[in-house]
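Q: I am new to this structure and would like to learn how to read its features one at a time. Could you take me through them slowly, with the general idea before each case?

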Amino acid sequence: MKKRYRRLLIWAILILGMLKLNACFQFRESPKKVVKSFTTRGMDVQLKTLDIDSRHLHFVRTSFSDSIMPLAVFIHGSPGASDNFKRNLFDSSLRAHFEMISVDRPGFGHSDFGHSLPSLKGQAALIMALLDSFPDRQIFLIGHSYGGPVIVRMAIDYPERIAGLLIVAGSIDPELEPEEWWRKPANTWFGRLLIPKSMEVSNEEILTLKQDLNDMLPLWKRIEIPVYILQGQKDKLVPPGNADFAEKHLVNSSWLKVNRVDDMNHFFPFTRHEMITEALMELSEHSSD
């Protein structure tokens, strides 16, 4: 009997530990905390969720104006959430020039958390449906990490709507996508029991990323808008060669700048957000109306 209770106790501890781990690795802030972070700075903010077919897309909106300002749209990596770009949303120089939104990609943050959409084309279409509610705007897309190929796909599929791209440490070269041995076992029913939901969603979309990138290879020539590439040379998650790939394939871009930062790793939104601000301002100067 004691052995049986001991086993039950061990299982209970394991389950509680997994639940706590899942809570710690959701990579999202509560709506209340997000709102407070703006209001304590005297800034207006809106948190909205748009119903699109059977999906729900959550986003943070700030920098309201009576005039029609250009729209800067921030797309996070994998895993991640809209609050990853709060430092840029707080930025007074950006707020003076743009209305800004930051999106929770499908399965992350508060956009159907835990339910992935492992398709660049599918995610691009979903986010574009959100942007359809902002007609007659110049739209600039900022994508970090996995968000990089998402915004590239949007520029390919909706060229008439996008004014410029800022790719920040973007995973865009299919040949540089690592094929870690553990990803497929982690995507089994047992593997999914052992990892947090946010990591499960991340794993599911990364498993299909290489094929999605290969499918995009002949389509890069469709991109004719200005593009800014921001890449850390010490990035161990997205190799610096991704910037070389972009430079090689953006043959029809009207303006292209590749900024290779020698002392920088992968995490621009968290430690060098001012470089994103500077890049976005420069990008907007080279866009056409």
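A: We can begin with aromatic pairs: rings of Phe, Tyr and Trp (its six-membered ring) pair if their centres lie within 6.5 Å, and planes under 30 degrees apart count as stacked, over 60 as edge-to-face and the rest as tilted. By this rule the count comes to 7 aromatic pairs, in what is a predicted model, where local features need pLDDT of at least 70, side-chain atom pairs count only at pLDDT 80 or more, and totals for chains, interfaces and linings use all residues. Residues are numbered from 1 along each chain as its sequence is written, and side-chain values use heavy atoms, with hydrogens and water left out.

Q: What is the geometry of the pair formed by Phe-74 and Phe-85?

A: A pair of aromatic rings is described by the distance of the centres and the angle of the planes. Phe-74 and Phe-85 form a tilted pair, with 5.0 Å from centre to centre and 40° between the planes. Phe-74 belongs to strand 3 (residues 71–75), while Phe-85 is in the loop between strand 3 and helix 3, so the pair ties together parts that are 11 residues apart in sequence; helices (H or I, at least four residues) and strands (E, at least two) are DSSP runs, numbered from the N terminus.

Q: Are Phe-74 and Phe-85 buried or exposed?

A: Buried means under 20% relative accessible area, exposed over 50%, and partly exposed in between (1.4 Å probe, protein chains only). Both Phe-74 and Phe-85 are buried. The rings of Phe-267 and Phe-270 also make a tilted pair, because their centres are 6.3 Å apart and their planes stand at 55°; here Phe-267 is partly exposed at 35% relative accessibility, and Phe-270 is partly exposed at 33%.

Q: How many salt bridges does the structure hold?

A: Side chains of opposite charge can pair when their charged atoms come close. A salt bridge is a side-chain nitrogen of Lys or Arg within 4 Å of a carboxyl oxygen of Asp or Glu, and the structure holds 15 of them. One of these joins the side chains of Lys-86 and Glu-29, at 3.0 Å from N to O. This pair links distant parts of the chain, 57 residues apart, with Lys-86 in helix 3 (residues 86–90) and Glu-29 in the loop between helix 1 (2–24) and helix 2 (31–39). Lys-86 is buried, at a relative accessible area of 13%, and Glu-29 is buried as well, at 19%.

Q: Which residue forms a salt bridge with Asp-157?

A: The partner of Asp-157 is Arg-153, and the closest N and O atoms are 2.9 Å apart. Asp-157 and Arg-153 are 4 residues apart in helix 6 (residues 147–157), which means that about one helical turn separates them. Arg-153 counts as buried at 9% relative accessibility, and Asp-157 is buried at 19%.

Q: Which residues are linked in a network of salt bridges?

A: The network links Arg-61, Glu-99 and Arg-137.

Q: What is the mean pLDDT of the protein?

A: The term pLDDT stands for the predictor's confidence in each residue, from 0 to 100. The mean for the protein is 90, and 89% of its residues reach 70 or more. Over residues 10–26, however, the pLDDT is below 50, and beyond near neighbours in sequence this stretch has 9 contacts in the model, a contact being heavy atoms within 4.5 Å.
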